[in-house]
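Student: I'd like to learn how to read a structure like this one, feature by feature. Can we go through it together?

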Amino acid sequence: MHLAKLKLRDFRNFRRLDVAFEPGFHVLLGRNAQGKTNLLEAVYLLATLRSFRGVGNAQIIRHEQRAFFAGGLALGQAESDIRYYWSAAQRKLTVNEKPIRRVADYLGALRTVVFCTEDSLLVNGPAKSRRRFLDLLLTQTRPGYLDLLHRYTEALRSRNALLKRDSPDLALLDSFTRELVATGEKLIVARHQLVKKLLPLIRLGYRKIAAKPEDARIDYAPSVREDFAVDLAKSRAREQRYRTTLVGPHRDELKLTLDGQPAAQYASEGQKRTFAIALKMAQADYLGGIHGSPPILLIDDVMGELDAGRRAGLLPLISRVGQALGQVFMTCTEENWPGELTGNLHRWQVDQGAVSRKQ
Ligand SMILES: Nc1ncnc2c1ncn2[C@@H]1O[C@H](COP(=O)(O)OP(=O)(O)O)[C@@H](O)[C@H]1O
Ligand SMILES: [Mg+2]
């Protein structure tokens, strides 16, 4: 699958952009603050309808404008002409001119995996970052998962609001508990299955990048020990004290270890970066395996952070995606340009919100 065309209007610092991309490896070159990351953000937005910078759509609108437009032509087994218009008052999404009303119905027309410096949060950050990683991947691969997650979150919110009251209506609490358990149990099963499939991909990916025999592992550690309903019932007394739901998938952890030691505490900076990249490579491999073609890789400022050895391990993995009729977009400044990059590259210069082909 690849993104054959990208059209932006009033998107960040792009007033107007109309550009066509072949499959393959695209390098976006430019000084700082020219729009390289914004361009990756636009591709990601077309895939997920949100920013990987974790901001709302309002911030994406070019300063002093009222709306943005992002459009793309995704070519793969199917052809999808995606058009997304967004203003505070109105949002419109169409695929091949068919209006899409629910976000949950959309995901899948374009698939991307982002590599960015914030990925270090996967290793160093709170459990929430790792849950989000699993949830995004499940959303990209399991129909119905997003709906399930929304239902769970909604039940949790209602249940917690009720627990804040001095004397909660017990019948109502029961009904929220039932919904929480029904949806939560399915989330747990899905996360279990995913982690099992990701583990071998991560071990392998880590070894290739690090060229060291360290054993990188992920282990799913659900907050529910045996039975969700039973665990909830057991936590009732504590719940009353803390006035919030204390067990459930919203408290799951994904443990990352290197040779059996927790990565966040024991790994070196280089090992942590490698781990974060191995997680993302595993995401790409897994998506490629399920859908039969690799996702688009969006690589932002990652190369400059790696030492030569790790770069040499990572570049072949990335290039492989670029060759297999897939597509890679990678940002670089002149300073962090990886000298190892040669071969069939498409080079683009990004300069103050304009994109042009280089040589
Ligand atoms: N909503 C916006 N409207 C206009 N310009 C924006 C908006 N958001 C960010 N920018 C501008 O985009 C530029 C940063 O682009 P970015 O893609 O992050 O740069 P880089 O090329 O370093 O990756 C900055 O000049 C910033 O002021
Ligand atoms: Mg940038």
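Student: Where is Q352 placed?

Tutor: Helices (H or I, at least four residues) and strands (E, at least two) are DSSP runs, numbered from the N terminus. Q352 sits in the loop between strand 14 (345–351) and strand 15 (354–357). Q352 has a positive phi of about 45 degrees although it is not a glycine. Keep in mind that this is a predicted model, where local features need pLDDT of at least 70 and side-chain atom pairs count only at pLDDT 80 or more, while totals for chains, interfaces and linings use all residues. Residues are numbered from 1 along each chain as its sequence is written, and chains are lettered from A and ligands numbered from 1 in the order in which they are written.

Student: Is Q352 buried or exposed?

Tutor: The rule counts neighbours: a residue is buried if 20 or more other C-beta atoms lie within 10 Å of its own, exposed if 12 or fewer, and partly exposed in between, with C-beta atoms placed from the backbone. Q352 counts as exposed because it has 11 C-beta neighbours inside 10 Å. E64 lies in the loop between helix 1 and strand 4, and with 6 other C-beta atoms within 10 Å it is exposed.

Student: How many residues of helix 1 are buried?

Tutor: 12 of its 13, so helix 1 is largely enclosed by the rest of the structure. Among the buried ones are K36, T37, N38, Y44 and A47. Just after helix 1, L49 takes a positive phi of about 65 degrees.

Student: Which residues of helix 11 are buried, and what do they pack against?

Tutor: The buried ones are R310, G313, L314, I318, V321 and G322. For packing, two residues are in contact if their C-beta atoms, placed from the backbone, lie within 7 Å. The buried residues of helix 11 pack against strand 3 (24–29), helix 6 (170–210), helix 10 (269–291), strand 12 (296–299) and strand 13 (327–332). A308 is also in helix 11, but it is exposed, with 10 other C-beta atoms within 10 Å. Just after the helix, L325 has a positive phi of about 55 degrees.

Student: Now the strands. Which residues are the bridge partners of K5?

Tutor: Two strands pair if DSSP finds at least two bridges between them. K5 is partnered with L73 in strand 4 and with A20 in strand 2. Strand 1 (residues 2–11) runs antiparallel to strand 4 (residues 67–75), joined by seven bridges, and six bridges join strand 1 to strand 2 (residues 14–20), also antiparallel. Strands 1 and 2 form a hairpin with two residues between them, and R12 in the turn has a positive phi of about 50 degrees.

Student: What is the strand order in the open sheet of three strands?

Tutor: The order is 9-10-11, with antiparallel pairing. Strand 9 (216–221) and strand 11 (261–262) stand at the edges with a single partner strand each, so one side of each is left without a neighbour in the sheet. Six bridges join strand 9 to strand 10 (residues 253–258), and I218 stands opposite L256 in strand 10.

Student: Which residues come nearest to ligand 1?

Tutor: A residue is near a molecule if its C-beta atom, placed from the backbone, lies within 6 Å of it. Of the 17 residues around ligand 1, N13, A33, K36, T37 and N38 come nearest. Helix 1 (residues 36–48) gives the largest share of that shell, three residues.

Student: And how does the whole chain look?

Tutor: The protein chain has 11 helices and 15 strands, and buried residues make up 39% of its 359 residues. The C-alpha atoms fill a box of roughly 70 × 55 × 35 Å, taken along the principal axes.
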